[in-house]
Amino acid sequence: MLKFIIKRLAAMIPIIIGATLVVYLIISLTEGDPARIMLGTEATDEKVEALREEMGLNDPILVQYARYMLNLCKGDMGISYKSRNPVSVEIGARLPNTIRLAFCSIIICLVLALPLGIFAAIKQNTWFDGFCMLISLIGISMPIFWLGLLLILLFSLKLGWFPVSGAEKLSSIVLPALSMAVRSMASIARTTRSSMLEVIRQDYIRTARSKGIPERLVIRRHALKNALIPTITMIGLQMGSLMASSVLIETVFAWPGIGRLMIQSIMSRDTPTVMGCIIVLAISFSIINLVVDLFYGLVDPRMKSMYS
Amino acid sequence: MNKENTIQKNSNVSKKKKRKKGEFSQAVKRLSKRKSAIIGFVIIILLILLAIFADVIYDYEEDIIKQNISERLISPCAEHPFGTDELGRDILARIIYGTRISLFIGITANLISMVIGSIFGIIAGYWGKKSDMIVMRLMDVFLAIPGLLLAIAIVAALGTSTRNLIIALSISGIPPYARVMRGAILTVRDVEYIEAARAIGARHSTIILGHILPNCMAPVIVNATLYIAAVIAATAGLSFLGLGIQAPMPEWGAMLSTGRTYIRQYSYMTLFPGVAIMITILAFNLLGDGLRDAFDPRQK
């Protein structure tokens, strides 16, 4: 297992370097001279040039990128143009909120998706199956920010059960987490259903049934373990969409997370913060993928053997 | 010798045409048996018709963007079935006109991604070895950034405009197409009729365009249908964030963003544009799912 982890880690490093380089190059295309933005329009050209030299803006872009990444390893992501605070402090204050929201939504998603997918497969071609698949199709097609608005309309404004926005109360997380969960839930339920359908037609399930094992145990012990392998892949894929969703949902619910910080920074042309947010999100996505892959290796021995 | 070649070529082509026609008509037959796919297809046709004739039904300057303060924020009624917005514009008219914008961006970005992604996929899948390694590692790097995030980064850097939005969405769609195309090519690259084409000295371009591509289009078409849905959702999402289509153009996501401001008193403003987005995405998903099942060889 250790060999598998090390090989997978080694494979991830060039991907992270590549992804951060792509983000760095894209954000570097942003119009406007950072030195000029920091000093203001009244500063003389000499002063701007001196600051450019000091900030290393005259160096080749790859040198600037290498410097940025080395500083990032030390926790330094530059200074925000807007708040004048270190970007790392700004992001550090909001990242726990985003993680909390993502964690809650993935829990809601799994708690709903797995039973839905499994029961839809067991009860294939019944009204329950049809209903589950209809719900999941609507879930996949519904723009999550619109779902967020509808939930606000019903549960906050009409019923008054949850706060409209912010993160002050404990219950504030329910609506944003639920809106984020629905789309992923729909995809995971569909995958679980189809992989479960494939598995319950296998010979070993027939064998288990013919041995007289109760249906409940056949499903839990024999079918589920194998059916969940594609589901784990889907959960990994959904992490990326959850991350992208967080940008939209945090904006809808004014949730003080890194996604909202990013959008606010784009609006105020605060390039270092935008860069920091996107790079942190891209690295987190790679790390989550690594964790999912490691877990995959744990449950599917075929995967592990590919690396040994 | 030349004559033999020609005869062989001709028989190859005619056999392939026969087979291709058979496979295609079988797929269409399977597709027509799926009610959900037909529903999706019909909705898409209706949406395309609405998009084409939007400017016949409404005058862009007069009905879509002209402010009419005396009629602002009217709740749904006989004259304005979906109500009016904060500037007195008819929401139904704006939603219908919005179809044109969403479909235009969805189809354009999709076509650009498809062409560029397929070229990358062909380079990787057909030539293999080093070019495969280089292209696919590059695609892995792009896939390591969630699509919407990559699009946001591009729009943030280039600035908000319809053109930049299309560029952003096209770039984030390239890696999935490259993967799909490469995978499809790998399944046909070494089959006999490609070997035969190589053996008679056909050029790479002839082999790729005449023999490989027609046999690789099924997964690409499925991906295209599903990706249009994703692009329409992303367009609405980015416009909702203020990074996509700018006012006064009637874009569904931007309309929802305005509706959010008035959600307490005028909730109908957040209702209808969302329904429009959902129906459009649903239609493409239904058709995409149907196409995937129809083209899936396991279904035969």
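A residue is called buried if 20 or more other C-beta atoms lie within 10 Å of its own, exposed if 12 or fewer do, and partly exposed in between, with C-beta atoms placed from the backbone. Helices (H or I, at least four residues) and strands (E, at least two) are DSSP runs, numbered from the N terminus. The model is predicted, so local features need pLDDT of at least 70 and side-chain atom pairs count only at pLDDT 80 or more, while totals for chains, interfaces and linings use all residues. Residues are numbered from 1 along each chain as its sequence is written, and chains are lettered from A and ligands numbered from 1 in the order in which they are written.

In chain A, helix H9 (residues 203–210) has 8 residues, of which the number buried is 0, so this helix lies largely in the open. Gly212(A), which follows H9(A), has a positive phi near 90°. Most residues other than glycine have a negative phi, and most peptide bonds are trans. Arg84(A) sits in the loop between helix H4 (61–73) and helix H5 (87–122) of chain A, and is exposed, with 8 other C-beta atoms within 10 Å. Asn125(A) likewise has a positive phi, near 65°. The loop that holds Asn125(A) runs between H5 and helix H6 (127–141) of chain A; with 8 C-beta neighbours inside 10 Å, Asn125(A) counts as exposed.

In chain B, helix H4 (residues 91–127) has 37 residues and reaches 52 Å from its first C-alpha to its last, close to the expected 54 Å. The expected span is 1.5 Å times one less than the number of residues. Just after H4(B), Gly128(B) has a positive phi of about 60°. A cis peptide bond joins Ala247(B) to Pro248(B), with omega near 5°, and Pro248(B) is in the loop between H9 and H10 of chain B.

Two packed helices are described by the angle between their axes and the distance between the axes. Axes are lines fitted to C-alpha atoms, for helices over the stretch in contact, and angles run from 0 to 180 degrees between N-to-C directions. Angles under 35 degrees count as roughly parallel, over 145 as roughly antiparallel, 65 to 115 as roughly perpendicular and the rest as oblique. The axes of H5(B) and helix H7 (residues 162–188) of chain B come within 9 Å and cross at roughly 140°, and the two helices are therefore oblique to each other. Residues are in contact if their C-beta atoms, placed from the backbone, lie within 7 Å. The contact includes Val135(B) and Met136(B) of H5(B) and Ile174(B) and Arg179(B) of H7(B). Its residues divide into 8 nonpolar, no polar and 2 charged. Here Ala, Val, Leu, Ile, Met, Phe, Trp, Tyr, Cys and Pro count as nonpolar, Asp, Glu, Lys and Arg as charged, and the others, Gly among them, as polar. H7(B) and H9(B) pack at about 155° with their axes 9 Å apart, and are therefore roughly antiparallel. The residues of the contact of H7(B) with H9(B) divide into 17 nonpolar, 4 polar and no charged.

The contact between the chains takes 35 residues from chain B and 37 residues from chain A. On the side of chain B, H6(B) gives the most, with 9 residues.

Technical notes:
Two residues are in contact if their C-beta atoms, placed from the backbone, lie within 7 Å.
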